[in-house]
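Thanks for coming. I will take a few minutes on one model and then stop.

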Amino acid sequence: MTDPHAPASVRSTGSLSRRMIGIAALWISLLLLGGGLALDRVLSDAITRNFDDGMNYVLTAMIASAEIGPDGEVLFNREPADQRFLEPNSGLYYQISGKGHEDWRSRSLWDRALRVKPEHQDDAPHIYDSNQFPGEDLRILERSIVLPGSNTRWMFMVAQAREGLDAQIKTLRSTLFESFALLALGLIVLATLQTIYGLRPLRKVRHEIVRMRAGEKNRVTEPMPAEVLPMVEELNALLAHNERQAEEARTHAGNLAHALKTPLTVIMNAATAQSPDLGDTVIREATTMRRQVDHHLARARAVGRRGAAQSRAEVWPSLDAVERAVRRLYPDVRIDMDGVKDAAVRVERQDLDEMLGNLIENAAKYGGGSVFATVGRRGAMVEILVEDDGMGIAQADRTRIFDRGVRLDSGKPGTGLGLAIVRDVAEIYGGSVALEESEDLGGVLVRLRLPSA
């Protein structure tokens with residue numbers, strides 16, 4: 001069997017720290033991955049352009065020094081300066097080809113030749129990668145030129161092994177990966193430390209609550225950051241509210257016990273003495289006890305519902321319901337209503353009905369036959385005026401009549417608790433009630449003010 005006093009079980013949605021660290025780690029990884037790929041592309045392109053510019057410089061120098069010899073073949077008026085052209089398989093090659101002429105190749109090609117597409121012509125430099133040599137990837141730059149003194153279109157080609165270029169790009173990518181991985185690790189560690197430090201106030205709140213449960217303190221008093229402070233203030237307000245409710249409950253219990261003690265004593269004394277009017281005494285004192293119990297129950301219900309955040313009641317439907325009920329009790333009384341019809345108050349509907357019922361019933365009972373209710377707004381409050389055309393109440397009695405059991409007209413039935421209940425319930429919800437003189441009807445004007453919803 002479940003213990004009704006056991007703490008309610010709250011389902012966990014996982015660790016907030018892990019969630020924050022995970023989100024930070026994912027976002028850092030995505031940003032660094034995107035940034036790393038972009039930077040790798042930019043730097044790789046820059047290294048490749050620098051590599052290609054070197055080849056283009058060699059090609060331009062070759063074209064500038066080329067001329068047609070007496071036999072119609074291409075000659076250099078000065079040899080290329082790079083010694084790698086003289087070393088076999090050095091990784092840097094050139095070749096000049098023309099239709100109907102033998103290819104002129106650098107010594108570094110040795111017994112190999114660069115592949116030429118006869119139909120392919122490039123007036124502008126054209127560069128591409130090739131794997132025509134087994135085990136040696138090449139980057140080739142070519143351009144078609146017609147030299148002075150010749151009608152042949154010559155294809156000038158410079159080829160260089162990609163090994164050096166690929167090694168530079170590999171070193172670059174390795175450096176980028178290591179640097180960005182270290183940066184990602186550092187940022188994730190920073191996010192972890194920031195999360196642990198940032199959530200520290202929540203752990204302080206938890207420790208404060210543990211101390212409150214242990215009875216060491218009754219409020220959270222530790223200094224808190226501005227983001228956590230509103231929550232702590234609401235927690236302290238909730239604790240104060242609960243303490244106030246508990247104190248009110250104790251007060252009500254003590255008042256009820258005190259109120260019932262005297263009637264019970266009278267009944268016990270009458271019963272012990274075998275008083276001849278024992279029956280009348282029991283009835284009289286039981287009525288008094290019932291009146292006290294009704295009053296304290298009304299206050300207890302209002303106190304119990306006061307903390308509900310959803311407390312809200314429309315004034316006009318409540319007035320309609322009360323008017324219909326009172327009209328059945330006093331069919332000869334005329335009840336008129338006017339004012340704002342969409343007003344709502346932060347009061348439970350049952351408590352609003354009880355307050356309005358007491359006020360309108362009193363006006364119908366003690367008035368001269370006319371009752372007028374008006375609803376209006378005054379700032380953050382809703383004001384309900386209930387007027388009658390009765391004899392009115394003297395200024396000296398307007399405060400005393402709110403005391404429990406006070407009745408100015410004992411000739412009519414009642415318990416003398418109606419206005420006391422209205423005052424107590426209104427004050428519980430942060431409102432007020434006051435008696436004035438009605439200028440229009442000449443009787444009593446009751447001004448009930450309640451917080452607007």
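Predicted model: local features only at pLDDT ≥ 70, side-chain atom pairs only at ≥ 80, totals over all residues.

Residues are numbered from 1 along each chain as its sequence is written, and side-chain values use heavy atoms, with hydrogens and water left out.

Salt bridges first. Side chains of opposite charge can pair when their charged atoms come close. The rule here is a side-chain nitrogen of Lys or Arg within 4 Å of a carboxyl oxygen of Asp or Glu. By that rule the count is 20 salt bridges.

Which residues are linked in a network of salt bridges? Asp-52, Asp-129, Arg-139, Arg-162 and Asp-166 are. Arg-162 is buried, with a relative accessible area of 15%, and Asp-166 is partly exposed at 33%. For those words, buried means under 20% relative accessible area, exposed means over 50%, and partly exposed is in between, with a 1.4 Å probe and protein chains only.

Another pair is Arg-211 with Glu-208, at 3.6 Å, N to O. Both lie in helix α3, residues 200-213, and are 3 residues apart, about one turn of the helix. Helices are DSSP runs of H or I with at least four residues, strands are runs of E with at least two, and both are numbered from the N terminus. Glu-208 is buried at 4% relative accessibility, whereas Arg-211 is partly exposed at 34%.

The last pair I will show is Arg-312 and Glu-314, whose closest N and O atoms are 2.6 Å apart. Arg-312 is partly exposed at 47%, and so is Glu-314 at 29%.

Now the surface. Leu-16, Met-20, Leu-202 and Met-231 make a nonpolar patch of about 330 Å². Patch residues have over 30% relative accessible area and no salt bridge; like charges are joined within 9 Å, and nonpolar side chains (Val, Leu, Ile, Met, Phe, Trp, Tyr) within 5 Å. The areas come from the Shrake-Rupley method with a 1.4 Å probe, and for residues only the protein chains shown count as cover. Met-20 sits in helix α1, residues 16-65, and is partly exposed at 36%.

The lining is Glu-79, Pro-80, Asp-82, Phe-85 and Leu-86.

Finally, some single residues. Phi of Asn-89 is near 55°, a positive value in a residue other than glycine. Asn-89 is in the loop between β2 (74-76) and β3 (92-98). Trp-110 also has a positive phi, near 55°, and is found in the loop between β4 (104-105) and β5 (126-133). Trp-110 is exposed, at 57% relative accessibility.

Thr-281, in helix α5 (residues 278-306), is buried at 5%. Thr-281 and Val-266 are 15 residues apart in sequence and 7.9 Å apart in space, C-alpha to C-alpha.

That is what I have; questions are welcome.

Definitions and conventions. 1 Å grid on protein atoms, 1.4 Å probe; cavity = no way out; pocket = protein on both sides within 12 Å on 5 of 7 lines; lining within 4 Å.
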